[in-house]
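Please look through the sequence and the three-dimensional structure shown below before reading on.

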Amino acid sequence: MEKNIDRIFIAIALAYLVVGMGLGIGMGVAEEFAYAHLHAHINLVGFVAHAVFGFAHKLWPALRESSLAKPQLYVTLVGAPVFLIGLPFAQFHAQPLLAIIGSLMLLAGAVLFFLMFIGKSKQVQSFA
Ligand code: HEM
């Protein structure tokens, strides 16, 4: 699992990119832009954030040796869909609970990655 953590993040990022672009094209074809926020977050949280985590793991292999690497992976992999499914409920039905839970999980993922980076900064520098 730790060995493949970069590829897991990047494969999932690319899946989000396909879905996000598909939604963007769908919005354009239908000329209905109500899902623009969802589209933006699928692309940014789904594609960009996962891809950055994946490339960071590829660039600095010391990161995956951190004891925080697995919790960071899981909290991000679960937090993103919870957040993205929650967004339309918050936007259209005034039910923000899922979006709140998902966003806090994503924040936890960002904090963990920050701590991993700081914790492994010596090894990370040696790969720069
Ligand atoms: C096939 C590729 C894509 C298509 C067809 C597409 C299409 C669209 C459309 C139709 C809108 C709504 C514009 C409006 O409300 O007037 C939009 C908004 C947006 N898109 Fe895309 N998009 C694509 C890829 C991306 C990617 C890769 C990203 C980011 C990495 C992105 C980020 C955004 C953002 C930030 C907005 C603004 C959302 C908002 O106003 O809430 N898009 N896009």
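How many helices and how many strands does the protein have? The protein has five helices and zero strands, where helices (H or I, at least four residues) and strands (E, at least two) are DSSP runs, numbered from the N terminus. Along the sequence, the pattern therefore reads α-α-α-α-α. This is a predicted model, in which local features need pLDDT of at least 70 and side-chain atom pairs count only at pLDDT 80 or more, while totals for chains, interfaces and linings use all residues. Residues are numbered from 1 along each chain as its sequence is written.

Consider the whole protein. Its C-alpha atoms fill a box of roughly 50 × 30 × 20 Å, taken along the principal axes. Of the 128 residues in the protein, 31% are buried; a residue is buried if 20 or more other C-beta atoms lie within 10 Å of its own, exposed if 12 or fewer, and partly exposed in between, with C-beta atoms placed from the backbone. Two residues are in contact if their C-beta atoms, placed from the backbone, lie within 7 Å. Among contacts between residues at least 6 apart in sequence, 67% join residues at least 24 apart.

The packing of the helices comes next. Two packed helices are described by the angle between their axes and the distance between the axes. Axes are lines fitted to C-alpha atoms, for helices over the stretch in contact, and angles run from 0 to 180 degrees between N-to-C directions. For α1 and α2, the angle is about 160° and the axes are 8 Å apart. The two helices α1 and α2 are therefore roughly antiparallel, a term for angles over 145 degrees, whereas angles under 35 count as roughly parallel, 65 to 115 as roughly perpendicular and the rest as oblique. The contact of α1 with α2 has 16 nonpolar, eight polar and two charged residues. Here Ala, Val, Leu, Ile, Met, Phe, Trp, Tyr, Cys and Pro count as nonpolar, Asp, Glu, Lys and Arg as charged, and the others, Gly among them, as polar.

The axes of α3 and α4 come within 6 Å and cross at roughly 150°, which makes α3 roughly antiparallel to α4. In the contact of α3 with α4 there are 20 nonpolar, seven polar and no charged residues.

Two loops deserve attention. Most residues other than glycine have a negative phi. Glu31, in the loop between α1 and α2, is not a glycine, yet has a positive phi of about 50°. Ala94, in the loop between α3 (69-93) and α4 (97-119), is likewise not a glycine and has a positive phi of about 55°. Glu31 is exposed, because 6 other C-beta atoms lie within 10 Å, and Ala94 is exposed with 7.

Leaving aside neighbours within four places in sequence, Thr76 is in contact with Phe53, Leu106 and Gly109.

Finally, 15 residues surround the ligand, and the closest are Met21, Gly24, Phe33, Ala40 and Asn43; a residue is near a molecule if its C-beta atom, placed from the backbone, lies within 6 Å of it. The elements that give two or more residues to this shell are α1 (5-30) and α2 (36-59). The largest share, eight residues, comes from α2. By class, the shell has nine nonpolar, six polar and no charged residues.
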